[in-house]
Amino acid sequence: MATTTDDLPARHSLGKSMKRKEDPRFIRGKGRYLDDIVLPHMLYLALVHSPYPHARIKSIDKSKALALPGVKAVITGEDLDAAKLEWLPTFHGYDKQMVLAFGKALYQYQEVAGVVATSREIASDGAELVEVEYEPLDPLVTPFQAREDKIILRDDRESKTNHIYHWEVGDKAKAEGELDGSAVRIKERILSPRCHPAPLEPCGVLADMNKATGRLTVYMTSQAPHVHRTAFSLVTGIPEDKIHVISPDVGGGFGNKVPVYPGYVVATVASVIIGVPVKWVESRTENLTTTGFARDYHMDVEIGATKEGKVTALKVSTVADHGAFDAAADPRKYPAGMFGIVTGSYDFPTAFAEVDAYFTNKAPGGIAYRCSFRVTEASFAIERGMDILARKLDMDPVELRRRNFIKKEQFPYPSPLGFVYDSGDYEATTQKALDIIGYDELRKEQAEKRKSGELMGIGVSTFTEIVGAGPGKHFDILGIKMFDSAEIRIHPTGSGIVRAGTRHQGQGHETTWAQIVAEELGLDPQELLVEEGDTDTAPYGLGTYASRSTPVAGGALALAARRIREKGKKIAAHLLEASENDVEWKDYKFNLKGVPGKSVTMKEVAFAAYTNPPPDSEPGLEATYYYDPPNLTFPNGSYIAVVDVDRETGAVIVRRFLAVDDCGVVINPMIVEGQIHGGLTEGFAMAFMQEIAFDESGNNLNTNFTEYLVPTALETPHWETANTVTPSPHHPIGAKGVGESPNVGSPQAFVNAVMDALAPLGITHIDMPLTREKVWRAIRDAEAKVS
Amino acid sequence: MKIAVTVNGERYERDVEPRTLLAYFLREDLGLTGTHVGCDSSSCGCCVVAMDGDRAVKSCTMFAVQADGHEITTVEGLEQGGKLHPLQQAFWDQHGLQCGYCTPGMLMTSYVLLKHQPAPNEAEIREAIAGNLCRCTGYQNIVKAIQQASTELAAEPAAAAVGS
Amino acid sequence: MNLEWNGQETIPASKATVWEFINDPAKIASCLPEVRETKISDAHAFDATVGVAVGPVRGKFTFKIVLEPDAGGSHMDMKINGGGLGSVIDLVAGADLVAQDDTTTVLNWKGTASMRGPVATVGGRVLDTQARRVIEMTFENVKKRLSGGSA
């Protein structure tokens, strides 16, 4: 079933490494990002933050700030409460979130007040002059402290507990019974630490209330402009037709630009009150300390197996740290997102997963960072678990995986936790990876090195992702079904404009969307302009995150194009003076069946649509499609990392890293490879350097790029990539999505490789990030035990 | 304070507040928004511009008044006579950018690198751009792009000089 | 983040003189290093604005300082609370006076501090030595002033 891209039939525009159409403006410094937009009479907002993770707010004195020349307004939670704008709904609708701290501050750096002034400097000066009197309270720094319920965080909630929800899937009794009866059994607590997506462009907004027209234009760094328009309407009561959201060029998102943040609301409120545009652009510290974090799952992973290495049962119990508000943008039915993918690529006869989430005195968030709703955590848990099991069985980790892979003939495969995997050929993808990297040779080299005490490790991750939400019957945001949309207008001369409900942040939609439509219509992708991000012009869509653009909007684009083709066929029949039944679309043009050489192109059809439409037909050539996918898509991959660990310093050198991905049909190989390079670099960062950590008093210890590290070109390994193609059977063009695979699939490959290197010392697991210090300490402790 | 700065070959005389950062002077006073700001700790390099043609400076770490009497080249100054600079062309050819936010700083750092080292090897390139963060590309295609530009510039040395 | 320090100064003055000195907000305020402005609010309290440079955290911090002398005339707690630039510092400096002879007094001091905000996170690595230095300099200045020198 799996093939390489080389085997695919020649295409018109699909599968080609076309250079990106968006690049000419970016390489000239002519991108238009949020902070580049300047409007007349614009004011600036700066926010005041709580230094305490948990404190009662006794008083706020605005007077000194208001006395500063240039300060136009100071807004507090009390002001917002009076205007009934103090609370925001969270995306899945089970909780609400304070806009500005009101009564209590619930996490360090929480927004307490906003100062609006004539320049960004005066706004900052004004924020310094706002005097807030706090009564510090003991903070809840871990979910384990929170679960004792000795301190209750949320006074505003009826139930006086820090427990947010319990969610479970699978058969608990059966899974536990099987585990008890298993010949071999492992159990490990595995942390997927709190980290942050940190796109290079910080989040921001420019709200422009036009009192003459009554229309509010909101420029914002948004991955989901339509959802944001609806959310703004629901929160402010302004009718949705009076709100215009524009997401200009977005400098990276990785999930960080999905939620609505307090700064957006305060700037908008200020613009509505004052009647002039108000801009807010966060600082890097504000970005890292207050906006959507990722992960923070403490997972107890248990796997049972036979002596021969056939898995019998899986149980994963998770304690989740959600911060002060339950703002994870998970679909209503799935509070723990798609954590049910935790059985991974393996045919578990039975499985059970549960998640208990708690409030703590930390910033809210919880799904972001290039991850489709908790898939990164799940994938990390199962891939680490399989490695630990392999070690216990004294079996090669690849061999253990192969004995348990879901076979290609088992697809569509219903997993014990309720998903139906669409397609895959895990054996073929893995074999390709082993061949390219020279797995057997590496194992031989490792055996030699171990004799002399050198620490070399090989780590594998044979993961399965789950992306492309919808289908709408299961997935929603704010109750809105997770479909997506496309609109295509073909102009008389055969060029056109393509719009979608998604919003790219570097993924290359301006190129790949043109390629999809060009492929369907036989047109030139260079002549198809792609536009996204403007709610006045784009069809309603749910946005770009969770690797859903290609699986959902990509489907909508192909199907909208096919609608154009249907209409085009009528026009072609008219031009060919034939019956529609005698016309067929083949070789990217309309052909008269059985009459070679008698054909018309889409360009000719487009011209006729405006100049010579068939009698009694509607002129013009355009189509819209709202696509609700029948299922999710399940990209997979086999990744192999080769590392050398320095026994003396704990330093890890990633010698090689190979990613073999299967994301179904590839639209643009160059862009797919670029996505994989970027995702692997983020996976590398999570594995070795990134964590948002807190000290025992609740101080955030990673508040800027000198403490929260982003890999530079120096540390970043050289990436090797390859692919197999197993089309998604239900997707209109067989594509599955790829943006998040490398991020979901790679952290465990790195960690497995380091643990494999440390195996001779008896070290089974170290939680990420595997900093030099942590690895060194583990080696030192292990050596002390031996001697 | 009154300053005179030559930016992309054009001389500007402006009265600036002493604490105005060069990055905001370029972006807000001169409208050259290609120079970006991505952090508050001088870590990300989105704001890198070339000073006097041969020094890469982080314009968020310099006051506008410190640029008085100097020549600044920003990303907007790379294209000459409607022809992309070989670095710009190479970043496009090699898919050396995704979201585009780090790109201007990355281009200007590379521009200064190639002035000092016309034929850098991969390790030298990686070291030279280590002060410029990119969250999207994983740097591999950026390295390839700089290598391509280096080859092209060697073939036509005149293209290396900009704004001087 | 919680920090602790201690130290000792031998001051060439009688215990009563030292005691009187450290009970006077105006005199203590003049011994704090980097003070830009002080405002005496009552017999045992004053506000001080000081220049702070801890790593990248640079600017003005405003503190409320309260002197809490024990009745015995030997022990004094100085409570310092305040901050700036989004940071908060709570510091208690305790001083114990022991008369060595009529003209020499030993001042043992102990400081504990808790910090929140950027000063704790960004400046965490340099804060310990800097805060210790501030307290050391304060008591060094007390000694200098009582030795006849000017602080």
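**Domains and contacts**

Modeller: Let's start with chain B, where the assignment gives domain 1 (2-77) and domain 2 (86-156); such bounds come from an automatic or database domain assignment. This is a predicted model: local features need pLDDT of at least 70, side-chain atom pairs count only at pLDDT 80 or more, and totals for chains, interfaces and linings use all residues. Residues are numbered from 1 along each chain as its sequence is written, while chains are lettered from A and ligands numbered from 1 in the order in which they are written.

Colleague: How many residues does each domain of chain B bring to their contact?

Modeller: Two residues are in contact if their C-beta atoms, placed from the backbone, lie within 7 Å. Here domain 1 of chain B brings 17 residues and domain 2 of chain B brings 14 residues.

Colleague: Which element gives the most to the domain 1 side?

Modeller: Helices (H or I, at least four residues) and strands (E, at least two) are DSSP runs, numbered from the N terminus. On that side of chain B, β3(B) gives the most, with 3 residues.

Colleague: And how many residues do chain B and chain A put into their contact?

Modeller: Chain B supplies 41 residues, and chain A supplies 41 residues. On the chain B side, α2 (86-93), α3 (103-116), α4 (122-128) and α5 (140-155) each supply at least two residues, and α2(B) gives the most, with 4 residues.

Colleague: What about chain A itself?

Modeller: Chain A is divided into domain 1 (5-31 + 484-627), domain 2 (34-137 + 219-235 + 257-280) and domain 3 (375-467 + 633-786).
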